Amino acid sequence: MNFNFNDQKENKINFIFEEDNKHNFFKAKSGEILPVEAEGEILLGLGKKEDFTKDVLKEAVAKLIRFLADKDISTISFSANNTDLDDKDFCLAIVEASIVASYKFDHYKSEKACQKLSEINFDESLSPYKADLEELSNVLEGQFLARDLVNLRSNDIYPETLAQAAHDNLSDLGVDVKIYGKDEILDMGLTAFYEVAKGSDKEPKFIVMEYLKGDNEPLALVGKGLTYDAGGYSIKTSAGMKTMNSDMGGSGTVIGAMKAIASNKLKVNVVAIVAACENLISGRAYKPGDIIKARNGMTIDVDNTDAEGRITLADAVNYAATEYKPSLLVDLATLTGAVLVALGETYTGAVTNDDAAFAKVKKASEDSDEKIWQLPNDPFFKTYNNSENGDVKNSGGRMAGSITAGQFIENFIEEVPWVHLDIAGTAYLSAPQGINETGATGVHVKTLYNLAKNY
Ligand code: BES
Ligand code: MN
Ligand code: ZN
């Protein structure tokens, strides 16, 4: 996307509040659109001043961009800031909404949507923010990478191709992408991860992405990488299974965040880790009742093979914690259906062992307009994970399900400051929300970018 600041008049978008509206046949309700062909301009309603927020602006602009999608328009120009947002927030919000609303996943459509919008013009008064817009546009490239990886189906994205995509998108930006296969996974002691992976014909891949451009202890990002989750022998229903290509949403986010961080050349040390595999049924698959050993020596009583993500993460976070000694470890995972029950598709659920670490993640999420809600890490809930025969069970049952899932992972993080983000609701939408369409959102690419930037 090109940004200009010379107040061009081509396809001028005029923002209008109801109070200021002087037009007939146009009420200036938020998101209302009226092209005035004779003037070559488009009126865009922002509703009542007292109801105005940044989200109102973003949603109105996103609606406009979708309205323009099938028109032959490559350039639009926005009128000067007449809102109570500061100038920087105003133009960042417009650009984010414009770019996000331009995303269309049509990989599997014979007839491709043709997105023509390539240039956004702003009033000259906004020219000091050009660099901020370029930065945001790079971050959104990372978010789009995450969305593509999550939207692609499991016949195209499996451990090998996910690893290849990480390599192809990150290597040229100065990220060292290391890809380990079965033998190395076992040599590295990632035995619990391998137990989940072994039922599939697709070889698991352990993907380590290092971006080392700073001086301090690294930030470690770990993403759940189930390229398909059928549930294993604790099998899912067909309906519950259908969208489980999206069960690598956490890895999509960390790969996208690495792209955002590296393309903006942040001076930080960040390592991202993905344990990529499929959870399927076969004569080699792990079974309910199996007791398996994790990298840290603990035994895991497999209560339910569909609680597989936390088992893969157990070894992945343990590797990140012991090999990199990070001062903050964030894991992101489409981990539980329970988080959808608690927080819908609107809030990510968080569990932490360190309130100061959580505060940093929370701040980064607020700077990103991405919602996170902290769940209580109450010691009592940990008893739900107790096992008769092993050190821990992989399912704590129905009660406090998103919390016990996080607490399971906590057993393997070696007391590193840690924040767990359950994105099962927010990574993949069953219906449009805000400026996002149905499907993958790339949620928290922005949060992780802002976290790394302030690290
Ligand atoms: N990948 C699922 C969680 C999920 C559910 C993500 C719905 C997105 C939408 C996870 O592996 C899973 O199956 N979790 C189980 C855990 C249970 C067996 C303790 C669940 O939530 O039902
Ligand atoms: Mn599962
Ligand atoms: Zn899963």
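Residues are numbered from 1 along each chain as its sequence is written, chains are lettered from A and ligands numbered from 1 in the order in which they are written. As this is a predicted model, local features need pLDDT of at least 70, side-chain atom pairs count only at pLDDT 80 or more, and totals for chains, interfaces and linings use all residues, while side-chain values use heavy atoms, with hydrogens and water left out.

**The six-stranded sheet**

Helices (H or I, at least four residues) and strands (E, at least two) are DSSP runs, numbered from the N terminus. An open sheet of 6 strands has the order S1-S6-S5-S2-S4-S3. Its pairing is mixed. Two strands count as paired if DSSP finds at least two bridges between them. Strand S1 (2–4) and strand S3 (33–36) stand at the edges. Each has a single partner strand, so one side of each lacks a neighbour in the sheet. Direction ignored, neighbouring strands are turned by 25 degrees against each other on average.

| Pair | Sense | Bridges | Residues opposite each other |
|---|---|---|---|
| S2 (residues 12–16) and S5 (residues 75–78) | parallel | 2 bridges | lysine 12 and serine 77 |
| S2 and S4 | parallel | 5 bridges | lysine 12 and glutamate 41 |

Buried means under 20% relative accessible area, exposed over 50%, and partly exposed in between (1.4 Å probe, protein chains only). 5 of the 5 residues of S4 are buried, so the strand is largely enclosed by the rest of the structure. In a regular strand the side chains alternate between the two faces of the sheet. Glu41, Leu43 and Gly45 point one way from S4. Ile42 and Leu44 point the other way. S3 and S4 form a hairpin with 4 residues between the strands. There, glycine 40 takes a positive phi near 65 degrees.

**The three-stranded sheet**

A second open sheet has 3 strands in the order S11-S12-S16. Its pairing is mixed too. Strand S11 (291–293) and strand S16 (392–393) stand at the edges. Each has a single partner strand, so one side of each is left without a neighbour in the sheet. Strand S12 (residues 299–301) and S16 run parallel, joined by 2 bridges. Isoleucine 300 has valine 392 as its bridge partner in S16.

**Helix H11 against helix H14**

Helix axes are lines fitted to C-alpha atoms over the stretch in contact, and angles run from 0 to 180 degrees between N-to-C directions. Helix H11 (residues 355–367) and helix H14 (residues 445–453) pack at an angle of about 120 degrees. Their axes are 8 Å apart. That makes H11 oblique to H14. Angles under 35 degrees count as roughly parallel, over 145 as roughly antiparallel, 65 to 115 as roughly perpendicular and the rest as oblique. H11 passes H14 in a right-handed crossing. A crossing is right-handed if the near helix is turned clockwise from the far one by less than a right angle, and left-handed if anticlockwise.

Contact means heavy atoms within 4.5 Å. On the H11 side, Lys360, Val361, Ala364, Ser365 and Asp367 take part. They meet Thr447, Asn450 and Leu451 in H14. The contact residues divide into 3 nonpolar, 3 polar and 2 charged. Here Ala, Val, Leu, Ile, Met, Phe, Trp, Tyr, Cys and Pro count as nonpolar, Asp, Glu, Lys and Arg as charged, and the others, Gly among them, as polar.

8 of the 9 residues of H14 are buried, so H14 is largely enclosed by the rest of the structure. The buried residues include Lys446, Tyr449 and Asn450.

**Helix H4 against helix H8**

The axes of helix H4 (residues 159–170) and helix H8 (residues 249–263) come within 10 Å. They cross at roughly 15 degrees. H4 and H8 are therefore roughly parallel to each other. Their crossing is right-handed. H4 contributes Leu162, Ala166, Asn169 and Leu170 to the contact. H8 contributes Ser251, Ile255, Met258 and Lys259. These residues divide into 5 nonpolar, 2 polar and 1 charged.

**Glycine 231**

Glycine 231 lies in the loop between strand S9 (219–229) and helix H7 (238–241). At 0% relative accessibility, glycine 231 counts as buried. Leaving aside residues up to four places away in sequence, glycine 231 touches Lys236, Asn279, Thr305 and Asp306. Glycine 231 and phenylalanine 26 are 205 residues apart in sequence. In space they are 52 Å apart, C-alpha to C-alpha.
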